[in-house]
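Open the model in your viewer and keep the selection tool at hand. The tour goes stop by stop, with something to select at each one.

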Amino acid sequence: MIVEQPHTTAPKSVNPTPEPLVRSVRLWLPKRVVFTPDALDEPFGQQIYERVSSLDLPIEVMKNNRITGLRGADDRETYRIAKNTLAVVKAPPSAFRLQPIPPSADWQMNLAEGCPAHCQYCYLAGSLQGPPVVRAYANLPEMLTNTINYEQPGKQTTFEVSCYTDVIGIEHLTGSLAECIRHFGTREEAQLRFVTKYDQVDSLLQVPHNGQTRARVSLNAEPIARRLEGGTASVEARLQALRKLALPKERGGGGYAVGVVLAPIMPIPDWREQYTDLLDRIAEALDFACDLTVEFISHRFTAGSKDVLLQWYPNTSLDMEEASRAEKRNKFGGKKYVYQPTDMQALKRFFYDEWQRRFPNAPIMYWT
Ligand code: SF4
């Protein structure tokens with residue numbers, strides 16, 4: 001039984017569970033915003049410039065298309081500088097060669113790379129090159145037009161835009177997500193998918209999505225969210241955002257197809273109680289008919305991501321003890337550390353049963 005094998009470095013549960021905290025996260029206001037000359041040549045880059053100027057943020061225009069001044073005296077300072085910087089750049093030609101991203105979607109298309117939040121298990125650790133600055137793409141409209149080449153006639157081709165950033169965390173600065181929603185709203189055989197841990201969704205409620213966007217919210221058990229998801233909205237605020245996105249337009253909502261991404265799932269000592277509480281709260285937030293899906297993602301890490309995370313968060317309480325995990329290889333031979341098969345089975349059974357009991361009409365997309 002997982003409950004009898006607490007992970008020594010797993011986040012400790014908070015018992016008794018305190019009242020839900022409705023903490024709408026403060027908007028991210030970077031201390032430095034830099035534009036490359038190329039980005040400013042783009043009409044969408046100009047729009048971002050105007051948005052950022054209206055927020056009175058300090059703007060620099062680089063002399064050439066390289067972003068400099070991101071390195072500090074040590075890793076901590078580099079992290080701090082990068083996480084306070086928004087760079088608006090032109091996406092390179094490689095960004096136009098889309099990569100498949102199963103099981104989440106058919107293709108990934110990144111409207112930005114880098115994220116203002118501070119999750120101690122961050123999925124970007126080990127995949128971003130260099131300091132974790134947020135780079136938003138000024139040639140987004142061109143990238144969106146390019147996705148049309150990847151649509152497969154006769155089926156709904158899905159495009160995921162949140163693999164490398166939190167799209168709502170930066171939306172007030174860029175307007176990029178609304179641009180994507182509008183684009184896919186004009187496509188009949190392509191669907192946009194995004195996921196967020198932020199709750200500022202009001203600006204999206206009126207965007208014409210025409211049912212071609214699935215808006216997903218990433219959720220986790222309270223103790224995990226409170227301890228490990230720095231800079232994000234509270235679980236309660238995210239639940240309210242999910243409700244707003246899903247409510248029909250005539251009830252003041254966005255009328256979006258929605259989704260819950262439960263991630264990263266961790267067998268903390270009282271995981272059954274904590275996740276039961278979360279599932280009950282999702283059911284309360286979505287107490288009306290809506291188009292809902294769920295994705296379940298258990299926690300995993302690689303040697304590379306662990307190294308980066310320990311540089312970023314040296315005092316983390318996140319369990320990344322290789323000895324307690326099972327090894328899993330991907331098709332390229334890369335090794336990642338996942339939970340032991342018995343733990344995985346117990347978790348999976350619990351989530352499938354409890355989900356289907358509460359949401360019999362909401363498909364489970366996958367467990368991983
Ligand atoms: S929201 Fe996602 S991308 Fe951003 S810090 Fe958290 S895990 Fe990383």
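Which two side chains meet in a salt bridge at 3.4 Å, N to O? Select Arg 193 and Glu 295 to see the pair. Arg 193 belongs to strand 10 and Glu 295 to strand 14, and the two are 102 residues apart, so the pair links distant parts of the chain. Arg 193 is buried, at a relative accessible area of 4%. Glu 295 is buried too, at 0%. Keep in mind throughout that this is a predicted model.

Now select residues 292-298, which form strand 14. Of its 7 residues, 7 are buried. Look along the strand and sort the side chains by direction. Leu 292, Val 294, Phe 296 and Ser 298 point one way, while Thr 293, Glu 295 and Ile 297 point the other way.

Strand 13 and strand 14 are parallel and pair over 6 bridges. To find one of these contacts, select Val 258, whose bridge partner in strand 14 is Leu 292.

The peptide bond from Ala 263 to Pro 264 is cis, with omega near -20 degrees.

Select Arg 214 and Asp 291. They form a salt bridge, with the closest N and O atoms 3.0 Å apart. Arg 214 is in strand 11, whereas Asp 291 is in the loop between helix 9 (271-285) and strand 14; they are 77 residues apart. Asp 291, at 42%, counts as partly exposed.

**Helix 9**

Next, select Asp 277 and Arg 281. Their side chains meet in a salt bridge of 3.5 Å, N to O. Both residues are in helix 9, 4 residues apart, which means that about one helical turn separates them. Asp 277 is partly exposed at 29% relative accessibility, and Arg 281 is buried at 9%.

Switch to a cartoon view for the next stop. An open sheet of 5 strands runs in the order 2-1-3-8-6, with mixed pairing. Its edge strands are strand 2 (59-61) and strand 6 (112-113), each of which pairs on one side only. Select strand 6 together with strand 8, residues 134-137: the two run antiparallel and are joined by 2 bridges.

Most residues other than glycine have a negative phi, and most peptide bonds are trans. The next selections depart from that pattern.

Select Pro 102 and Pro 103. The peptide bond that joins them is cis, with omega about 0 degrees. Pro 103 sits in the loop between strand 4 (99-101) and strand 5 (105-108).

Then go to Asp 56, in the loop between helix 2 (43-54) and strand 2. Asp 56 is not a glycine, yet its phi is positive, at about 60 degrees. Asp 56 is exposed, with a relative accessible area of 70%.

Asn 210 also has a positive phi, of about 50 degrees, without being a glycine. Find Asn 210 in the loop between strand 10 (190-196) and strand 11 (213-219). Asn 210 is exposed, with a relative accessible area of 57%.

Leu 27 is in the segment before strand 1 (32-35). Leu 27 counts as partly exposed, because its relative accessibility is 42%.

Key
Residues numbered from 1 in each chain as written. Predicted model: local features only at pLDDT ≥ 70, side-chain atom pairs only at ≥ 80, totals over all residues. Heavy atoms only, no water. Buried < 20%, exposed > 50% of the residue type's maximum accessible area, 1.4 Å probe, protein only. Pairing = 2+ DSSP bridges. Salt bridge = Lys/Arg side-chain N within 4 Å of Asp/Glu carboxyl O.
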